[in-house]
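Q: I have just opened this model and would like to learn how to read it. Could you walk me through it, feature by feature?

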Amino acid sequence: MAFVQFSRVSLAFGDRDILKDVSVNLAAGTKAALTGTNGSGKSTLLKIMAGTLVPDSGERSVQKDARIVYLPQSGIVHSGCTLREEADRAFSYGYSLEQELESLGDELAKNPAHPAPLLERHHEVSVKLEESGWYRRTAFAEQVLTGLGFSKTDFDRPVEEFSGGWQMRIALAKALMQGPDILLLDEPTNYLDLEARNWLEQFLLNFTGGFLLVSHDRYFLDVTVNEVYELFNGNLHRYPGNYTHYEQVRRTEMETLITRYNQQQEEIRKLEDFIRRFIYKPTKAAQAQERQKMLDKILAQKIEIPESLKKIHFSFPPAPHSGRLVLTLEQLTKSYDGLRNVINHLDLVVENGERLVVAGRNGSGKTTLLRMLAGKDTGFTGTIKTGAGVATGYFSQDSAEKITGTKTVLGYIEEDAPLDLIPRIRDMLGAFLFRGDDVFKQLDVLSGGEKSRLALLKLLLRPVNLLILDEPTNHLDLHSKDVLLDALKDFGGTVIFVSHDRGFIEDLATKVLELTPPEQPQGNGTYRIFPGSYTYYLERLEAEKNGQIPPAGGGKPEAAGTKQPTTEEKAAGTKIPAASGTAKYEEQKRLKNERRRLEREEDRLMEAIAAAETEKAALEAKLSEPAVYSDPVQSRKVQQEIEAVENRIEQLNTEWEAVSLQLG
């Protein structure tokens, strides 16, 4: 049985112990998860297991001929061949065996006596080649590629044409096709849609080798693993059972640990208080020194709790006022090759307060659409109209990957922070688990999760009322996901997001936009809009699949072939006039005109409020000038002007609320 064994492995970065006497054994049949907080060293341990990183001490023992394949979180890019040719490179082991078999055949032909060692080796290599699936490699490659979401038309495309997420999907496919004895997978589901995740679950359930994987998807872990290794404070502990069972056991352990931690913290506080009060008093100095010895002893055995239990408390800044209509998309169309429209004549209205999830298979244009909405991609036709007072914050899939360099965490945040937030930066970093000396870490040494938290923190620096988030939970641990979810649910603005975390979507989405990629080389993508939760959307798809209801038509979750309303009609909340009387049509026309008038008035009021707030800020800045605040007459005059502007803002807000109420 193939195995890889690690005994008393240790590794430190500077004065920080990443691994302390870690021991673990992986063998055929192992189905294990590696968990731990972001930055705890999970990826480091996988690299040591793969043999790409050498520890400071310890032993790594690998059975002869055992093959280990490691897939990192990100950073793999392929070039110089087609997808089919790149996939074939996964079978290099079989090619080497075939080459050896041919060499052995030549040797046997030269030696009529057929030496026994040559015959034995020839037989051994023949068996290995057969067991490796060499003769079924073409069918196997096609099975894996299609299972992970590639179409057959993709097979002859140059690999350079695939995006970063698809590049990692190619790397995952190659790792699986190699048929290793031990698989080490670091966040393999990060770039997979739900269909591909389901396929990977089945693959791992049927996999005869052993695997150790890192993932922050509860459902995926529960389905695939039967043991969990937790890396905490440099130590590795094993918990039998699936991930949910591990959480239950760990929760009980943590309750006891937290009780002891709180007791110890209280004792430390009392000792420090006594020492601080009496260390310099001659009559108490001896007692203070005795307390110092007690404190030193406690600190030498200080209890640590996981970062996941040090709650992240954060909320987005109050969302500025915006109009009822946040975004209006009309005939939005995007093509990369001039032959196929990935996004085709998309009409969509996004209203204030909605949480819109963009769903669909990879390649359907989800990221492309979000980039267009965020103003990062302007190569499209059609229009995107932004409502009055809309301020946008954008988080992209590669936001975390762009955080590189030698700047410190503190310096990176301070350089973009408004002056009024500078005094609060340390507190904000602490809320995102950058505490103590962590704020002086260089960006290049941060883990993927730490970089994601830092990128999310940047969104808090300036107030926005429209958040556009592309896979915001990537690289976040389960606790950080829960905290982000709570903050988004409490956010007073509008959220448009893409995620492949089913639990996250179900808890947040109030509306679903489904994108479907082009099926033919010269076809176009399609879309459908489903008002309601993600659970409703899934139930609708299941009912369609079972033939209980007809599939929804383009752009609207109703029977196929129904006529679609125009964007103006959607915004007005009216239906397409049927063959009814002139009076009814005129009434609908009047209502539509009235709604347009209200929307124009809303836009005017929002612009007036913004101008008044700018005027107020300028007056407050003027009031802080020495020449003004030192002169009672000028100071009183400026204060009166500020009060007048404040009264005007209050009146404008009252008018805006009245118009907003009429719009419904």
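A: Gladly! Let us begin with a polar contact, which is a pair of N or O atoms within 3.5 Å; within protein, one must be able to donate a hydrogen and the other to accept it, and residues adjacent in sequence count only if both atoms are side-chain atoms. Here, a polar side-chain atom of Thr224 lies 2.8 Å from the backbone oxygen of Phe220. Before going on, note that this is a predicted model, where local features need pLDDT of at least 70 and side-chain atom pairs count only at pLDDT 80 or more, while totals for chains, interfaces and linings use all residues. Residues are numbered from 1 along each chain as its sequence is written, and side-chain values use heavy atoms, with hydrogens and water left out.

Q: Is Thr224 buried or exposed, and which residues does Thr224 touch?

A: Buried means under 20% relative accessible area, exposed over 50%, and partly exposed in between (1.4 Å probe, protein chains only). Thr224 has a relative accessible area of 2%, so it is buried. A contact means heavy atoms within 4.5 Å. Leaving out residues up to four places away in sequence, Thr224 touches Lys31, Glu201, Leu204, Leu205, Phe211 and Leu213.

Q: Which helix holds Thr224, and how many helices and strands are there in the chain?

A: Helices (H or I, at least four residues) and strands (E, at least two) are DSSP runs, numbered from the N terminus. Thr224 lies in helix H8, residues 218-224. The chain has 21 helices and 20 strands. Of its 664 residues, 46% count as buried.

Q: What span does helix H10 reach from its first C-alpha to its last?

A: The expected span of a helix is 1.5 Å times one less than its number of residues. Helix H10 (residues 285-300) has 16 residues and reaches 22 Å, close to the 22 Å expected.

Q: Which residues of H10 are buried, and which are exposed?

A: Ala285, Ala288, Leu295 and Ile298 are the buried ones. They lie on the same side of H10 because they cover an arc of only 125° around the axis, the arc being that of the directions from the helix axis to the C-beta atoms. On the other side, Ala286, Gln289, Lys293, Lys297 and Ala300 are exposed. The buried residues of H10 pack against helix H9 (243-278).

Q: How many aromatic pairs are there?

A: Rings of Phe, Tyr and Trp (its six-membered ring) pair if their centres lie within 6.5 Å; planes under 30 degrees apart count as stacked, over 60 as edge-to-face and the rest as tilted. The count comes to 11 aromatic pairs. One of them joins Tyr95 and Trp134, with centres 4.6 Å apart and planes at 80°, so this pair is edge-to-face. Tyr95 lies in helix H3 (residues 92-110) and Trp134 in the loop between helix H4 (116-131) and helix H5 (137-147), so the pair ties together parts 39 residues apart in sequence. Tyr95 is partly exposed at 34% relative accessibility, whereas Trp134 is buried at 2%.

Phe150 and Trp166 also form an edge-to-face pair, 4.9 Å centre to centre and with 65° between the planes. Both residues are buried. Ring pairs link Phe150, Phe162 and Trp166 into a cluster.

Q: Where does the charged end of Arg67 sit?

A: A charge sits over a ring if NZ of Lys or CZ of Arg is within 6 Å of the ring centre and within 35 degrees of the ring normal. The charged end of Arg67 sits over the ring of Tyr93, 3.9 Å from its centre. Lys284 lies over the face of Phe278, 5.6 Å from the ring centre.
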